[in-house]
Amino acid sequence: MWPYYKFEFYQFITNKKNIAIYVLLLFFSCYYALKIAPTYDPIEKVDESEIEARFLTREEFLNTVVINDGTHHFTRFAAAIFPEWNVYDKGRLDAIKQNDLKEYAEATNKWYGYSDKMIFTRGNGVLFYHPRYYTFGNNYATMDGHYAYLYSASRYKGYAEGNSKLSINVFEERTALQTLQRLLHSYLPFILIVSCIFFTVDIVLKDRRYPTLLQGLPLSDWKKLIVKGAVSLIGSIGALVPLSVGLLIIGIQSGFGDFNLPVPIYFSAEKTFSNILLGEYILQNMLIMIFWFLFMISLLLLASVTLKNEFANLLVGCAFVIGELTYFGRGNGIFWDVQWYPTSYVQVGQVLSGYRNYLYNSEALTIVNGLFVMGLCTGIFLFFTFLISNHRKFKLL
Amino acid sequence: MMELKNIGVRFSGRDVLKDVSVMFHSGEIIGLVAPNGTGKSTLMNVIMNYINPNSGKVILNDELEYTNKKNEVKIHQLVSMMPDQSDLYNQISGKEHLKIYSSMWNSQPKLIDETIKELGMSSYINKNTGTYSLGMRQRLCFAMQIVSDTQVMLMDEVMNGLDPTHVELISQILVKKKSEGKTVIVASHLLENLEKYADRIFFMKNGELIQVNDISPGFDVREITTVRVTDVTDTLKENFLKEFPKTNVQTLPNGTTLIDVQGYGSGELGNVLAFLKANHITEVNFGKVTLGDLYSMYYQEG
């Protein structure tokens, strides 16, 4: 099998389409690092002037307000909640001025915790999250703000308790590893899965161009398919290489961050966040990504031996990537067991961070369920591929 | 040793192979001769199990049949078919092709260099096959099968695109492979060449495999049985038959006239030659019926 693997791998890396994909990924990666990443503008950023403006306004209010029987209840409410709020904002301001980032993290953790408690539970339509959550058409702005504030509280708690070197870039999640984390939370899984689809759609059917050379090789069709799958898996993992060039550039620009930085994970049962290490989070993402690759490769191997058409393979693969759009809706997890659909795990980073559970209002989109569902599907696809390829009359080409 | 037992293949209601049964032995070169589209390649594809026959089976060494995929792999370890030159990977070198085949069949690596030397491919073997001429590609395909070093070798149109020197070179290698105990099955249109080294030659017609000896008994006997003459007119033929009434004369569609002189002594042969000379016939050949004659007789008549 080894000689066939080497031959197949050689074909893979010299395949013009595959080279084009790697080049595109490299281009995308560099473009992102040089053009998009520097313009990243997080809502929850370290903005001294904003903190100061808020602090001074509230301080002025607290210094001048007179509470008596005729005071409006909103004024009373403000006078009651602003002092503690301002303590945290003052703490943040002092920490920034002294460049005490640990202190800043601690104060910010408290600030986010207190802010969310006030806005979410006692807001009464007068307290709001950051205005950028309230964009046109977003009916879930409060929920988004609630998630983001709790996420930030947990994150800053992690910074305060951890041993990582802190910086503004770390706070704003601009370092290379944190950018990777953010990308895993957004469209990086799509890019990797779609790349895997493009690598695999023709890995079986390309051999039709060389039938007399390959048909008589003394290797069973099943083993050939397994080798092809293995090559595709290695090639798909290899897609990380051009992408890492972009991370290297970001690292040089904004620092690399470190693997001990905290990543808040949402636990929907308790409706709380708990931190895990960034290294652990990335490893979990890689594990799920590998399961996605295995899922996609086994699916496309099965499609290759049944449909025998590259375009059909592409459609089948893409259908699984975008399948979630057909049933996704906030809160749908209450009505449907979305955790049993492999397509529910396509947003890998969001699943692992618990954000997907938050959106679906579910508790079941977990790494264990994801591995189980995708592993089971992969097993089923491979089982049918095994049966078909071992049929006496089956011809691979 | 390979046996084909009652092989039948039908395409669109037409019998391409009809109940073909034959045994191929070790240390034997088998020639397959037939016009295009008469089933030579189909037969080879059935032997390789690229095509499932409608009936019959292929048996290798009295034990292996294509009953399951495991057996198919075992048979493919022992039986190989020469690849088509149009299927070569243009972006990789000839040597890489040879290495792939050698490693896939786990044959002796030294066979690669030996074959390159034997076929005179050293000057271009490290270049990408995309730069090869038809003859170079054909030689590479042949070399690939040689390095696979299987017990049974199937070669479809092995001499295509080769110059006479390389036809002769490959013929010699085939004879060498035969002496090593290989079974070599060659489909070729180079009849004269095939006739030289093939131990048995089969014609294919109407889905049947017919050994040449069955069409022309004594085909492989080494004695003068036929006088081959060209440019014989009908009048001359009539005069000849008047002079030699007991002699069989047959004019083939290719214009050659065959005079059957089987069992003739030197005196009778001398008379025939004298008659032809007297009638100004200068192209005379004493020998036996050639494969070309039989081909013309079998395929071009009526």
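1. The centres of domain 1 of chain A and domain 2 of chain A, taken over C-alpha atoms, are 38 Å apart. The model is a predicted one, so every value in this note is to be read with that in mind. Domain 1 is made of two stretches of chain A, 2-39 and 176-389, while domain 2 covers 48-171.

2. Where the two domains of chain A touch, domain 1 contributes twelve residues and domain 2 contributes 14 residues. On the domain 1 side, strand S1 (262-267) and strand S2 (272-277) of chain A each supply at least two residues. By type, this side of domain 1 of chain A has five nonpolar residues, five polar and two charged.

3. Next, chain A as a whole. Its secondary structure consists of 17 helices and two strands. The C-alpha trace of chain A spans about 95 × 45 × 35 Å along its principal axes.

4. Chain A has 397 residues, and 40% of them count as buried. A residue is called buried here if 20 or more other C-beta atoms lie within 10 Å of its own. Among the contacts in chain A with a separation of 6 or more, 76% are between residues 24 or more positions apart.

5. The model also has an interface between chains. In it, 18 residues of chain A are in contact with 21 residues of chain B. The largest share of the chain A side, four residues, comes from H1(A).

6. What is the make-up, by residue type, of the side of chain A that touches chain B? Nine of its residues are nonpolar, six are polar and three are charged.

7. Chain B contains a pair of antiparallel strands, S1 (residues 2-11) and S2 (residues 14-24), joined by seven bridges. One of the pairings can be named: Ile7(B) has Val20(B) in S2(B) as its bridge partner.

8. How many residues lie between S1(B) and S2(B) in the hairpin that they form? There are two residues between these strands. In the turn, Ser12(B) has a positive phi of about 45 degrees.

Definitions and conventions:
Residues are numbered from 1 along each chain as its sequence is written. Chains are lettered from A and ligands numbered from 1 in the order in which they are written. This is a predicted model: local features need pLDDT of at least 70, side-chain atom pairs count only at pLDDT 80 or more; totals for chains, interfaces and linings use all residues. Two residues are in contact if their C-beta atoms, placed from the backbone, lie within 7 Å. Ala, Val, Leu, Ile, Met, Phe, Trp, Tyr, Cys and Pro count as nonpolar, Asp, Glu, Lys and Arg as charged, and the others, Gly among them, as polar. A residue is buried if 20 or more other C-beta atoms lie within 10 Å of its own, exposed if 12 or fewer, and partly exposed in between; C-beta atoms are placed from the backbone. Domain bounds come from an automatic or database domain assignment. Two strands pair if DSSP finds at least two bridges between them.
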